[in-house]
Amino acid sequence: MKKPKFQAPTGMYDILAEDQKYFQRVYNVCENIANFYGFKKIETPILEETELFSKGIGLATDIVGKQMFTLRTKGGDYLTLRPELTAPVVRAYIEQGMGSLPQPVKLWYFGPCFRYEKPQLGRFRQFWQFGFEVFGEESPVIDAQIIRIFYNILRELKLTPHYFSTRKFTQASSTKSGGGLIVDINSIGDSQCRPYYKKLLVSYFRSRETVLCPDCRRRLRENPLRILDCKEEKCQPIKAQAPQMLDHLCEECHKHFREVLEFLDEIELPYHLNPYLVRGLDYYTKTVFEIFEDTEEGRKQGALVGGGRYDALVKLLGGKDTPAGGGAAGLERIIAVMKGKGIKFPEPAPAQVFLAQLGDLAKRKSLRLMEDFRKQKILVSESFGRDSLKAQLARANKIGIKYTLILGQKEALEGTIIIKDMASGRQETVKLEKVVKEMERKLKIKK
Ligand code: HAM
C-alpha cells in the first residue's frame, strides 16, 4: 500500500476509539484511587524551561543527554517538551507556594511525555504517564504507601500478582517466570553515604574496565551507578561481584529502608530486593522501586512503574528543604499487558431506537426529535446521510435495533410518525409529539 503523504512523527501515534477505552479505564481507576488516598490532581504545561530538566533530572542522564525535544522560542528562551512530570510538579510546588500549605501535599497527574528514544517495544517518543507525588513527609510509611497505590491500580486493572515469598535484606535471586507483577526495590542512599559507595564502585569497575561493554566504559566516567543497570551479557559476571549499596548505607538510610520493607510486609505486599536497581534519573535518594510484568514480553518492554524518594530535589530547584517521593507509570506499557491478557471492557450500551427519515422536512423534524430523545436519555441511532428507506432499515437491522421510527414526507406533513417493531414487522402510526412517551412505555423505561 502506498504510504500517505503525511504520517504521525516517528515514535508517536494516534489514539483511536479502540484504545480510548483502555485510557479511560486507567484514568477512572487512577482518579478513584487518588481520591481515596487524598491526592489532588495537577496539570502542568507540556513545555518547561530546559534548565528545569537538566538541573532536576541530571546532565549525565540519558534523558537529558540524548532524549530531550528542545526548542528555542522566538524570544530566545530554551524550552523542552516534558520528558517526565516530577520536575514540573516540583517546580509548581515551589512556584505556587505549596510549601506553606499543611504538609504533606499529595498530587497526582495524567498526561503525555516526550523522549527522543529509538522506537521499540514499550518505548515511544510520545507516551502517557500517570503519577503520584507526596511532598513534606519523610516517614518511610509514605514510600510504602506510594508503592501500594501503584500496585492497587495495576491490580484493579486486572493485572495479576506474582507469587513468591517476601525476602528481607537478601540478595535477589531470579524467580521462575510464571508471569505476574513484580515489585523491585532498592535503596541508593543519600548524600551522606552514596559518594563513598560511588568511589568503591568506580575503583572496582576501573580495575575491570577492559572487559566492560563500551556503554559501561562511558558510564564509568559519566554515571558509574548506571553500570549496575546494564543488561549486556558480558557485564553480568562483573556486576554480580560488585560492591552493593545496601552494604554501605549510612545508619539513617539503613533504618529508613528497613522500615519501608517492614511497612510493605505489614501490608503484605510482595517485593523483590534488587541491588542493581538504580533508576535512570539523578534526583533519587534512599528508596527506589520499579514494578514490571514478569513475562518475557513484560521484561522486554521494561518497567510499568518507576519511582522513589527525592529528598533533595525541592531544594535543588530553589525551594525549601522538603522531603518528597513518588512514582509514575507508563500507560502504553500497562495497556499492552492488559491486551496481552485479553482484558476486555463492556461495550457501551447499544442504541434502543433507530430513526429513519425521508425527505427534507422529515430530516429537519428528525434532528429536533433526536434532541427530545436525548433529553429523556433514550439512545437513538440514525443514518441521516442516507435517503433510501431500504438502506436505513438495513442499517437498523444490522445493528440489532428493536424499534425503528419512520418519518416519511407524508408523516412529516401530518405530524405523525411510524413505529416499526423490527422483529415482528408490525407497524403503528402515532402523533409525533407523543412518540418519546410511547417509546418510554414500549422500552419499559421508568422515570
Ligand atoms: P521513568 O522510569 O523514567 O520515571 O518513567 C516512568 C514510567 O514511564 C516507566 O516505568 C514507563 O512505564 C514509562 N515510560 C518511560 N519512558 C517511556 C517511553 N519512552 N515510552 C513508553 N513509556 C515510557 C519517571 O519518569 C519519574 N518521573 C517517575 C517518578 C515520579 N519518580 C518519582 N516520582
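Modeller: Helix α9 gives the most to the lining of the second largest pocket, namely 4 residues. Helices (H or I, at least four residues) and strands (E, at least two) are DSSP runs, numbered from the N terminus. This is a predicted model: local features need pLDDT of at least 70 and side-chain atom pairs count only at pLDDT 80 or more, while totals for chains, interfaces and linings use all residues. Residues are numbered from 1 along each chain as its sequence is written, and side-chain values use heavy atoms, with hydrogens and water left out.

The second largest pocket has a volume of about 570 Å³. Among its 27 lining residues, D190, S191, T285, D311 and A312 are the closest to its centre. Two or more lining residues come from each of α2 (50–57), α6 (194–206), α9 (251–266), β9 (285–293) and α11 (313–316). On a 1 Å grid over the protein atoms alone, a pocket is an open set of points with protein on both sides within 12 Å along at least five of seven lines, whereas in a cavity a 1.4 Å probe fits but cannot get out; lining residues have an atom within 4 Å of a point. By class, the pocket lining holds 12 charged, 9 nonpolar and 6 polar residues.

The largest cavity has a volume of about 50 Å³. D143, I146, I147, T287, F289, G308, R309 and G325 line it. Strand β9 supplies at least two residues of this lining, as do α5 (140–156) and β10 (305–309). Helix α5 gives the most, with 3 residues.

Notes
Points joined across faces, edges and corners; volume = space filled by probe spheres on them. Nonpolar A, V, L, I, M, F, W, Y, C, P; charged D, E, K, R; others polar.
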